[in-house]
Amino acid sequence: MREINVSSVTEAVRDMCIEANHILSPDMKAVFSRAISTEQSSLGRQVLGQLEENLVIAGKDMIPICQDTGMTVVFIELGQEVHIIGGSLKEAVNEGVRQGYKEGYLRKSVVGDPIERSNTKDNTPAVIHYEITEGDSLRITVAPKGFGSENMSRIFMLKPADGLEGVKQAILTAVREAGPNACPPMVVGVGIGGTFEKCAQMAKHALTREIEDKPAISWVRELEEEMLKRINDLGIGPGGLGGTVTALAVNIETYPTHIAGLPVAVNICCHVNRHARREL
């Protein structure tokens, strides 16, 4: 049994909160560069150029990529051969968020009650998803999520008879209705199957997948390619001002579901799609 002290978790989460909010991940840099070279609209290229300049300044001067530094979403993959010592894993994650947002001079955007809406003043609590895995490692993914794009996300409880075509229309509907509000070019995370909450979690997790990593299931790979093309054909374009690059990627996750349902969730993220990963 391997032991990991909670202090290591706090340190990693703190560093990832700062990193994700200041520096674009390598996979997003690559796909963003491709977008600049393929955008056919002159206005679209101008918008992408301004976004690129912002990204360079943010990384160089260590200032946030965006003023909305998000609500912190954390995915914990905990090996069953790991024993967490020194305190609470949950509290260690939240302490990392607390330190990261303070030391990184990041905007605190979390309110402690959804109706009374008093700011917690340290961006906690985080939204934490836990998964028990095999092995003796602890993998942590931090994904700050701004609400310009989060507010544009959707869940569709389709009928089985709606089939693949219904899934495609659901994705297009969500993106079309999001329009410029999701700060395009966007990354579209999709969860298909499971239950109401499972498909939503998959859609969120799909956003953290490396863009170049492709699904093992052939129809899912084909669907990602088709939906990326069809979304870009909508003409929403960078900044919602028209163009051929509305989305940078479509990432899809699937899960078995009930005979009577076909849940589909679409979680949209802006062009920075912030995420950072550590393995302890």
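This is a predicted model: local features need pLDDT of at least 70, side-chain atom pairs count only at pLDDT 80 or more; totals for chains, interfaces and linings use all residues.

Mentor: Two residues are in contact when heavy atoms lie within 4.5 Å. Residues are numbered from 1 along each chain as its sequence is written, and side-chain values use heavy atoms, leaving out hydrogens and water.

Let us begin with α2 and α3. Helices (H or I, at least four residues) and strands (E, at least two) are DSSP runs numbered from the N terminus. Helix α2 spans residues 26–38 and helix α3 spans residues 42–61; their axes lie 9 Å apart at an angle of about 150 degrees. The two are therefore roughly antiparallel. Axes are lines fitted to C-alpha atoms over the stretch in contact, with angles from 0 to 180 degrees between N-to-C directions; under 35 degrees counts as roughly parallel, over 145 as roughly antiparallel, 65 to 115 as roughly perpendicular, and the rest as oblique. Their crossing is left-handed, that is, the near helix is turned anticlockwise from the far one by less than a right angle, clockwise being right-handed. On the α2 side, Phe32, Ala35 and Ile36 form the contact, and they meet Arg45, Leu48, Leu51, Glu52 and Leu55 of α3. These residues comprise six nonpolar, no polar and two charged, where nonpolar covers Ala, Val, Leu, Ile, Met, Phe, Trp, Tyr, Cys and Pro, charged covers Asp, Glu, Lys and Arg, and the others, Gly among them, are polar. Met62 is not a glycine, yet its phi is positive, at about 55 degrees. Most residues other than glycine have a negative phi.

From α6 the contact takes Leu164, Glu165, Val167, Lys168, Gln169, Ile171, Leu172 and Val175, while α8 contributes Trp219, Leu223, Glu226, Met227, Arg230 and Ile231. By class, this contact holds nine nonpolar, one polar and four charged residues.

α2, α8 (218–232) and β8 (247–257) each supply at least two residues of its lining, and α8 gives the largest share, with six residues. On a 1 Å grid over the protein atoms alone, a pocket is an open set of points with protein on both sides within 12 Å along at least five of seven lines, a cavity is a set where a 1.4 Å probe fits but cannot get out, and lining residues have an atom within 4 Å of a point. The largest pocket holds about 440 Å³ of space, a volume being the space filled by probe spheres set on the points, which are joined across faces, edges and corners. Its lining has 22 residues, and Val31, Leu228, Asn232, Ala247 and Leu248 are the closest to its centre. The lining divides into 10 nonpolar, four polar and eight charged residues.

The second largest pocket has a volume of about 300 Å³. Among its 18 lining residues, Glu150, Ala200, Gln201, Lys204 and Asn267 lie nearest the centre. Two or more lining residues come from each of β2 (71–79), β4 (127–133), α5 (147–150), β6 (154–158), α7 (196–206) and β9 (262–269). The largest share, five residues, is that of α7. Its lining has nine nonpolar, four polar and five charged residues.

Lys204 also lines the largest cavity, together with Val73, Phe75, Ala143, Pro144, Lys145, Leu207, Thr208, Cys269, Asn273 and Arg274. The structure holds one cavity of 30 Å³ or more, and the largest cavity has a volume of about 60 Å³. β2 and β5 (138–145) each give at least two residues to this lining, with β5 giving the most, three residues. The lining consists of six nonpolar, two polar and three charged residues.

Two backbone details complete the account. A cis peptide bond with omega of about 5 degrees joins Thr124 and Pro125, and Pro125 sits in the loop between α4 (89–103) and β4. Another cis bond, with omega of about 10 degrees, joins Pro184 and Pro185; Pro185 belongs to the loop between α6 and β7 (186–194).
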